[in-house]
Amino acid sequence: MGKLILFLYFLHNYALCISPYIVDDNLETIIKEQELYRGLKLDSLVGLRHEELFSEIREDKLGNVDDRFSIDNFYNSSVNFWFHIYSLHDRNTIVLHDKEDLSIVYETINFTELKNSNINSITQALIQNSMGLKRIKKYKIAFMTLAKGSCLTKICNRILDVLKKSNISLPTDIKKREIFFTERSFNIRIQTGQKDAIERGLLNYKRFELLFRNYINIFELPQEVLSTPFLESSFNTKAKSKVGASGPWQFMKFIGKKFMVINNERDDRLNPILSTISALHLMKQNFKILRQWDLAITAYNSGTKHLIRARKKFKSITFPLERYITEYDSDHIGFASKNFYASFLALTYTLANKTRLFPHLNLMPDERPIYVYIAKKSFHRKDFFKMQFEHKTLNNHLLLNKIYPVGTVVISSEDLNSQNYKKITPKALIRHYPKNYHQLL
């Protein structure tokens, strides 16, 4: 049994590195043995009330969101989709949808019964992914059948009903009909809910919220920018992607090194404070270059290069992001890039209404102070962590148990000995990149 669990663990982690979906024929047997098919809600209509809630929150009558981040008609359906993903569906729910038109949602599948079973979490993930992939295959078969002619199966009827409700007219020409349904067979995609991840992120974030809002004010940036680390990692300070991005803001190493210290002994990307200051520097630079917040936010994900190229193509310094998404042709602009700003807006409105959407959480900001210091003397990481309970969590950028040199940045919620550590004011912090803080001695 131990070897089986180890194998499943390896398979789960390996599969996550190459695909969000997993194929394993043996899982069918596991599911049947646990008699879980009867409990799975394959035709869930969860979210109808949430649709009305989104419409109300989008109006923003209380002015919780800056007008610069209002939702226009082009983004409405995609923001609505992501709003449901972040505030309604958790990781036990998958949504089958069209990746080119997020208003087209074929169905949601709820795996709550699976969660409540006695199966371990690794096997649960394998079963959920396997069933999702098998459901996708059934849809693809239905699409191809519809492309060839009529189809009366339950899934075909569902597809036709969803398209009708989305006000999408079916081509009457036989050839165009074949192309229409064939394209949709390639467009179907699975999205897993993220509500529970956002909830965990909010609980992590409240320790830093007041400090970050202070930084935002000093940088003279809109508060909405702070939605970005939730989009990147659900504000998970330990997040690491398969392509090498790390920390709550998911900095890649080559970008992060422009602002922070990143080596085998210290990785500032993992520190919420140092990575946030670096990200705010980057955001401000993006805005200075692109002059629009929708473009600056998008550039955080895909860089400024293609947006600057789009300027030349459109022969205009400024242009709507909508035009960039629909007219700029590049293999580098994929699903994630096209949906980055819509996801950002969805999270912005979700976080602006967090007490309403997550009433069961205590989200009052932590009022304990947080200070940034520069070490005047060398110190051992182990000794520094012993000084205060929070030192370990506030200084996760210090990776090794070793002696760190003069000029090392450390974080504390209490006053440190001024003979050994120099406290840096927020305004001084913002005038420099974190990698240059040693110059403040």
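Q: Which helices do the buried residues of H9 pack against?
A: In this predicted model, helix H9 spans residues 195–205, and its buried residues are Asp196, Ala197, Ile198, Glu199, Gly201, Leu202 and Tyr205. These buried residues pack against helix H4 (73–87), helix H10 (209–219), helix H11 (228–233), helix H17 (335–352) and helix H18 (354–357).

Q: Is H10 roughly parallel or roughly antiparallel to H13?
A: Helix H13 covers residues 272–290, and H10 packs with H13 at an angle of about 25°, with their axes 11 Å apart. Angles under 35 degrees count as roughly parallel. The angle therefore makes H10, relative to H13, roughly parallel.

Q: Is the crossing of H10 and H13 left-handed or right-handed?
A: The two helices pack with their axes 11 Å apart. The crossing of H10 and H13 is right-handed.

Q: How do the residues of the contact of H10 with H13 divide into nonpolar, polar and charged?
A: From H10, the residues Leu211, Phe212, Tyr215, Ile216 and Phe219 take part; from H13, they meet Pro272, Ile273, Thr276, Ile277, Leu280, His281 and Lys284. The residues of this contact comprise 9 nonpolar, 2 polar and 1 charged.

Q: Does Asp101 count as buried, partly exposed or exposed?
A: Asp101 sits in the loop between strand S2 (93–98) and strand S3 (105–110). Buried means under 20% relative accessible area, and exposed means over 50%. Because its relative accessibility is 27%, Asp101 counts as partly exposed.

Q: How far apart in space are Asp101 and Ser166, C-alpha to C-alpha?
A: In sequence, Asp101 and Ser166 are 65 residues apart. In space, C-alpha to C-alpha, the distance between Asp101 and Ser166 is 9.8 Å.

Note on methods
Residues numbered from 1 in each chain as written. Predicted model: local features only at pLDDT ≥ 70, side-chain atom pairs only at ≥ 80, totals over all residues. Heavy atoms only, no water. Helix = DSSP H or I, 4+ residues; strand = E, 2+ residues; numbered from the N terminus. Buried < 20%, exposed > 50% of the residue type's maximum accessible area, 1.4 Å probe, protein only. Contact = heavy atoms within 4.5 Å. Axes fitted to C-alpha atoms, helices over the stretch in contact; angles between N-to-C directions. Parallel < 35°, antiparallel > 145°, perpendicular 65-115°, else oblique. Left-handed = near helix turned anticlockwise from the far one by under 90°. Nonpolar A, V, L, I, M, F, W, Y, C, P; charged D, E, K, R; others polar.
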